[in-house]
Amino acid sequence: MQLTILIITTLILCAIGFFVGRRRAVSISRQKTKKLHSMPNFHGSYVAMWCAIPAFIIIVLWLALEQQILNALLLAHFGSSIADLDSVQIELLINDVKNIASGSSFGRGKSSDILLNAADHYESLQLTFRASVLAAGLSFSIASFLWAWKRISPTLKARNYVEFAVKVFLFICSTIAIITTVGIVLSVLFESIRFFGQISFWDFLFGSHWSPQTAIRDDQVGSSGSFGAIPLFTGTLTITIVAMLVALPIGLFSAIYMAEFASPRFRKTVKPILEILAGIPTVVYGFFAVLTIAPAIRGFGTELGLTVASESALAAGIVMGIMIIPFVSSLSDDAIVAVPKSLREGSLALGSTHSETIKKVVIPAALPGIVAACLLAISRAIGETMIVVMAAGLAANLTANPLNSVTTVTVQIVTLLVGDQEFDSAKTLAAFALGLVLFVSTLGLNIVALYVSRRYREQYD
Amino acid sequence: MNSQTEISKQIRMRAQNVDVFYGDKQALKKINLDIAANQVTALIGPSGCGKSTFLRCLNRMNDTIDSCKVSGDVSLDQRDIYSKDVDVVELRARIGMVFQKPNPFPKSIYDNVAYGPRIHGLTNNRHELDIIVEQSLLRAGLFDEVSDRLNSPGTSLSGGQQQRLCIARAIAISPEVILMDEPCSALDPIATAKVEELIDELKDHYTIVIVTHNMQQAARVSQYTAFFHLGEIIEFAETEKIFTNPVEKRTQDYITGRFG
């Protein structure tokens, strides 16, 4: 509540600051003969900026430090009575107090007086703290507003300050994206390290048996907990290969047709339709795989006298291939269109036919782009989850036969984390290790794709 | 109109009443031009006057532009190149073309030159191909500069070398006519001088038509000059006559730099 008040008042202050600052700049420029260094708008932005900065800093500090400060104050309230508790117990105690204070605990009636007391104390602490932060924030804002307003003069280089502030703001935005990525990687990494504390790294990476059930009781049957991830890797690989066998030729050839042969009108209609494929939710593709493709493959296989699992790698792979067709075709199309007309004309002028030109000049020239498109498509296929969850099954079979049911890394992550889980068992932690493997492999593919497209790109101007 | 100037030499290509339209816009009007064998014919004129369009009529490169319509007769050795029984692939093998900007393929120097002979199956074995590549590079005056790195990419050469590579590529399939569309406009003066020297040597073996914006270049390399203006040929004569004693005032104005 107080936070909202602070944000809204700051915004209002900024708006007022802008107009007041601008007005003052305009009136100064009228009174004095000396010319303003910056345009009035910059002076307005300058004042508004100085309203926002202190408030922003206070809000960030508030969000970051509130809990720590309140906890420390609460512990001080308990004083020496909790000296003999260990850190876990203290944490529990603090949680109890907070729950009672926020009214979410059922135990209010049954709680001891000490706790109730502490809760009341905590509530009042919180109130005072927030009120004082609000007051501090507002007074800082107003003070710096007045200070900035005072400073407006013909010599103030408001434009330079504002431009600098804009630069810093943009820099912060771009850093947030990077920091988030790093944060995600680190969180996965730390959980994985915990997992590898329980299961050997080599057993995980090269073990051939996957059965991630850990025993709850000692006498349980069949819950040995085996974390050999090879079946998952082969499953992922099989499905990815099938998907690329579908997506690569169809995507590439349709890109060639679109870029080289299709009339502009055809291209204008068909290309967006092809790109709609990319917008279909993967769950819907999953339906398609389960209800249409899988039975069809099964029926066809039976005709040929083959045994086909009702959930097969082939079905999932084919549908996933269909899903990434627009990915391949759109990126390849861009690469082909980017080949300069002069190369085509050079080839045609030597008396080569259209298809010779495409085969010998256009495609080689566009190859880096096409390779990059494929690598990105592969990393897309490896990371795809929904289709395989629905169509490929959960059985971790170690097989290269696409007619069998297989499972992939992503599917196992999902199944490991679905439902109520304790977050310290090897079973759940395995999901993070798999996530790490997935992240590292797609990251590697993306880096290679970027490298290929940069290194081998011809510099046409 | 003086485009019917008598050419004393043997005539290799002849254009009669050629009209070209881009959609509704007429780019060329009733062009008549004879191109003498083993001579250099220069096409000059201000930008947008249709000289490149005319050049591209001569090897039917305009076919690749959908909105472009060509009418009239263009003949190579008395055969109409726009008639139905002419194979455009074979035609373009007989009429080579060098473009304004050097456009080597993203292949090695060797493969760039070998491209034409390979697609036309001119050679039976690697040895013959080697000879053609070497001969073409020699004729293009590039062999000495690249003989030790035939396998490095064509795009690694300098602009002037790239343009001579493109000329080598064009002559590797032994065309009868070579069309050059402002071949030196992207080159520095030294590279330009080399290419001009080359053009002069090449005319012993080939018939050359060159589009140029550079008056001095036309005067230096060509034997015949056609002055284009607004889609028409204003004057066509021996180069010497055009530059010393033009009949038309507009030609005079253009070559002395008074317009265009």
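**Helix packing, pockets and cavities in a predicted model**

Modeller: In this predicted model, the axes of α11(A) and α12(A) lie 10 Å apart and the two helices pack at an angle of about 140°.

Colleague: Why is α11(A) called oblique to α12(A)?

Modeller: Angles over 145 degrees count as roughly antiparallel and those from 65 to 115 as roughly perpendicular. The angle here is about 140°, and therefore α11(A) is oblique to α12(A). The crossing of α11(A) past α12(A) is right-handed.

Colleague: Which residues of α11(A) and α12(A) meet?

Modeller: From α11(A) come Leu343(A), Arg344(A), Ser347(A) and Leu348(A), which meet His354(A), Thr357(A), Val361(A), Val362(A) and Ala365(A) of α12(A). By class, this contact has five nonpolar residues, three polar and one charged.

Colleague: What makes up the lining of the largest pocket?

Modeller: The largest pocket holds about 710 Å³ of space. Its lining has 27 residues, and those closest to the centre are Ala259(A), Glu260(A), Arg344(A), His354(A) and Thr64(B). Two or more lining residues come from each of α7, α8, α11 and α12 of chain A, and likewise from α2 of chain B. The classes in this lining are 13 nonpolar, six polar and eight charged.

Colleague: How many residues of the second largest pocket are nonpolar, and how many are charged?

Modeller: Its lining divides into 21 nonpolar residues, one polar and no charged. Phe, Met, Ala and Ile count as nonpolar, and the residues closest to the centre are Met49(A), Ala52(A), Ile53(A), Phe56(A) and Phe169(A). The volume of this pocket is about 560 Å³. Helices α1, α2 and α5 of chain A each supply at least two lining residues, and α5(A) gives the most, with nine.

Colleague: What makes a space a cavity rather than a pocket?

Modeller: A cavity is a set of points where a 1.4 Å probe fits but cannot get out, whereas a pocket is an open set.

Colleague: Which residues line the largest cavity?

Modeller: Among them are Arg79(B), Asp80(B), Asp87(B), Glu90(B) and Arg94(B). Asp, Glu, Lys and Arg count as charged, and the lining divides into four nonpolar, no polar and five charged residues. The largest share, three residues, comes from α2(B).

Colleague: What lines the second largest cavity?

Modeller: The second largest cavity, with about 40 Å³ of space, is lined by residues including Ala255(A), Lys271(A), Ser329(A) and Asp333(A). Helices α7, α8 and α10 of chain A each supply at least two of the lining residues.

Terms used. Residues numbered from 1 in each chain as written. Chains lettered and ligands numbered in written order. Predicted model: local features only at pLDDT ≥ 70, side-chain atom pairs only at ≥ 80, totals over all residues. Heavy atoms only, no water. 1 Å grid on protein atoms, 1.4 Å probe; cavity = no way out; pocket = protein on both sides within 12 Å on 5 of 7 lines; lining within 4 Å. Points joined across faces, edges and corners; volume = space filled by probe spheres on them. Helix = DSSP H or I, 4+ residues; strand = E, 2+ residues; numbered from the N terminus. Axes fitted to C-alpha atoms, helices over the stretch in contact; angles between N-to-C directions. Parallel < 35°, antiparallel > 145°, perpendicular 65-115°, else oblique. Left-handed = near helix turned anticlockwise from the far one by under 90°. Contact = heavy atoms within 4.5 Å.
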